[in-house]
Amino acid sequence: MDLKSLREEFDRVAKNQELSTTKYHQLIDKIEDEINSAITDLQSAADDTSSIDHKSVINHLIDKLAAYSVKEQFKMMKKDLQVDLENYPKILGKFFETDISKAYINVEFDSQIVNQMILNLLYHERRFDVADILLNESQEPDIFRVRSKYSEMHEILDALKARNLEPALSWMCVNRQKLHQAGSKLEFDLRRLQFLEIFKANRSEANNFAQTHLSPFASIRSNEFLQITGCLLWPGDLEASPYSDLLSPEKWTEVSQELMVQFYSSMGMSLKNHLAVTVEAGAQGLPTFLEFANLAMISREEWAAMKEPPVDVELGREFQFHSVFVCPVTWEQSDKKNPAVMLPCGHVFSWRFIRNVSNQWRQVFKCPTCSVLDVSAAQCRQLFL
């Protein structure tokens, strides 16, 4: 059963539950109508001129309610719904593997890397008190510098929430060269917010500020720069202008997000937490491992003793952080022990393949792709580790 089938089964149970609820309400509405009708008749019977007596009204109501078989209908609807609700957990049990330990492989973790991943998560979440306890217990070296960086980032973000641009501008000035190399628009966005704050108070100062700090961006951000110059035509009434979207609080949120991205980049890190990436990647790969573990004719001990996964796991592009080379001849993925190497003709193969063919053909061989002769292993250039 795939996820689509599971979804269809869930929709069927939900539809039956909704139908059962509708029937409950319809039956209750009918009973309510009969009771209200009986009350009206009883009120009419109180009139001396009426020929209706109370006893006949009550007996008629009793006959009507008995005809609906209320108790039996409720019991039947409850039974039908109960069957669906009891069967669905059984279907879930067949779909989900409850014992995931069978996919466990012994992995030698680098405790320092794991500790740093946890510390980075705690710093990101502002849990400095918890991080300090872990830091003292793990005795991790050279982490205090990272702690101070995170503390600085959170102080800048807090200032931006309070509409204070000075800390962010100071950090931007220190890291301007790196930001330009990365193609970041953080400086322009910060200066634009600064311009808008000045413009609210003094149009002339805002004009001078734009010429000094924003005009250098006129060629690379022409449309946005034109919007800024257009703002100068609406002094004191920018909210009613075509450029009122520049005053949106979302602009501050976008700047905060961009600052976080660049701050993490300056520390050589991704904005997405490493620990979260590891857990998400493991969750995606787990079904493949479980399926292989169920089909493979090996013991749990043999499976756990494997040094690397015996099957390929396809992860989404969000988990691809660097290029991966697969040798076109051996179909082996390159790694530190088997790096990719380039021949003088420009074609790339794995080092293990080059070593084997050079030994087989007495040091000199021909390129398998273009058949260039007299190639030796010494002429190959390693591309990456």
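This is a predicted model: local features need pLDDT of at least 70, side-chain atom pairs count only at pLDDT 80 or more; totals for chains, interfaces and linings use all residues.
Colleague: How are helix α4 and helix α5 oriented to each other, roughly parallel or roughly antiparallel?

Modeller: Two packed helices are described by the angle between their axes and the distance between the axes. Helix α4 (residues 111-124) and helix α5 (residues 128-138) have axes 8 Å apart, at an angle of about 160°. Angles over 145 degrees count as roughly antiparallel. Therefore α4 and α5 are roughly antiparallel.

Colleague: Which classes of residue make up the contact of α4 with α5?

Modeller: From α4 come Asn115, Ile118, Leu119, Leu122 and Tyr123, and they meet residues of α5 including Phe128, Val130 and Leu134. Sorted by class, this contact of α4 with α5 has no charged residues, two polar and nine nonpolar.

Colleague: Is Leu247 buried, partly exposed or exposed?

Modeller: Leu247 sits in the loop between α11 and α12 (249-266). Buried would need under 20% relative accessible area, and exposed over 50%. Because its relative accessibility is 27%, Leu247 counts as partly exposed.

Colleague: How many residues apart along the chain are Leu247 and Leu196?

Modeller: Leu247 touches Leu196, as well as Lys200, Leu238 and Glu239, leaving aside residues up to four places away in sequence. The C-alpha atoms of Leu247 and Leu196 are separated by 7.8 Å, while along the chain these two are 51 residues apart.

Colleague: Which helices are among what covers the buried residues of α11?

Modeller: In helix α11 (residues 222-231), the buried residues are Phe225, Ile228, Gly230 and Cys231. Their cover includes α9 (186-201) and α10 (203-214).

Notes: Residues are numbered from 1 along each chain as its sequence is written. Side-chain values use heavy atoms; hydrogens and water are left out. Buried means under 20% relative accessible area, exposed over 50%, partly exposed in between (1.4 Å probe, protein chains only). Helices (H or I, at least four residues) and strands (E, at least two) are DSSP runs, numbered from the N terminus. Contact means heavy atoms within 4.5 Å. Axes are lines fitted to C-alpha atoms, for helices over the stretch in contact, and angles run from 0 to 180 degrees between N-to-C directions. Angles under 35 degrees count as roughly parallel, over 145 as roughly antiparallel, 65 to 115 as roughly perpendicular and the rest as oblique. Ala, Val, Leu, Ile, Met, Phe, Trp, Tyr, Cys and Pro count as nonpolar, Asp, Glu, Lys and Arg as charged, and the others, Gly among them, as polar.
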